[in-house]
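Hi,

Here is the structure I promised to pass on. Have a look at it first, and my notes follow below.

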Amino acid sequence: MTRPERADGGAERLMTQAPEPVQDARLRQAAVEVLARSGWAGLTMEAVAEEAGLSRVTVWRLGATRDSLVADLLQGLEEDYRKALWPALTAAGSARQRLDLALSGLFEVAEAHLPLLLASDQVFHKASASGINFNEPFTRIFRDGLEDGSLTPPGGDPEEAADLLFNTVCWAYTHLRGRHGWDPALLSTRLKDLVLPGLVGAG
């Protein structure tokens, strides 16, 4: 995996600590806009304040720092991921059918948090520090697929297959959507067409 670019301390430095997230929708959206436009290099409190239409003094009084803003973005990523993947874990049907739902949920989250994912390939690792295992829903579905015969995890190991699938489709979606401008619906369909046939079991 390539390491994220460094700028003014780099994306890794921005996410090495876990301060309290800043619970302010204006600052959160402003941080997203700045990330989308300028990446980590442009994520300064001055830029965020200007984007939000607030003075630096107001931003300071809200307790906002770059680290706390990133913590807020990571918290939002976690919450959205849990909500998006829950239907795939609880729906009726075969594991193969629920894997389709899980991939749709993953693409939905990647789309909603595209500026954050484009800024660093370490985002999910840093979010995992709070205890969430982003691979776990796919691991569970692969295990169910072995039981009902609808899925065959590559290599036979559900946990390894989940790690492989998550990173293959998530970062392919992020790159092709963010850097190549693919249509989100078409991209989701094409990625499913690419990976799902090789996972279908004999049952």
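The side chains of Asp121 and Gln122 are joined by a polar contact of 3.1 Å (a pair of N or O atoms within 3.5 Å, where one must be able to donate a hydrogen and the other to accept it; residues adjacent in sequence count only if both atoms are side-chain atoms). You'll find Asp121 in the loop between α7 (114-119) and α8 (123-127). Asp121 is buried, at 14% relative accessible area (buried is under 20%, exposed over 50%, partly exposed in between, with a 1.4 Å probe and protein chains only).

Before you read on: this is a predicted model, where local features need pLDDT of at least 70 and side-chain atom pairs count only at pLDDT 80 or more, while totals for chains, interfaces and linings use all residues. Residues are numbered from 1 along each chain as its sequence is written, and side-chain values use heavy atoms, leaving out hydrogens and water.

Now the rings. There are 8 aromatic pairs, counting Phe, Tyr and Trp (its six-membered ring) with centres within 6.5 Å; planes under 30 degrees apart are stacked, over 60 edge-to-face, the rest tilted. Phe124 and Phe134 have ring centres 4.8 Å apart and planes at 75°, so they are edge-to-face. Both Phe124 and Phe134 are buried. Phe124 and Phe166 are edge-to-face too, with centres 5.0 Å apart and planes at 90°. That pair links distant parts of the chain, 42 residues apart: Phe124 sits in helix α8 and Phe166 in helix α10 (residues 158-178). (Helices are DSSP runs of H or I, at least four residues, numbered from the N terminus.) Ring pairs join Tyr81, Phe124, Phe134, Phe138, Phe166 and Trp171 into a cluster.

Cheers

Notes. Helix = DSSP H or I, 4+ residues; strand = E, 2+ residues; numbered from the N terminus.
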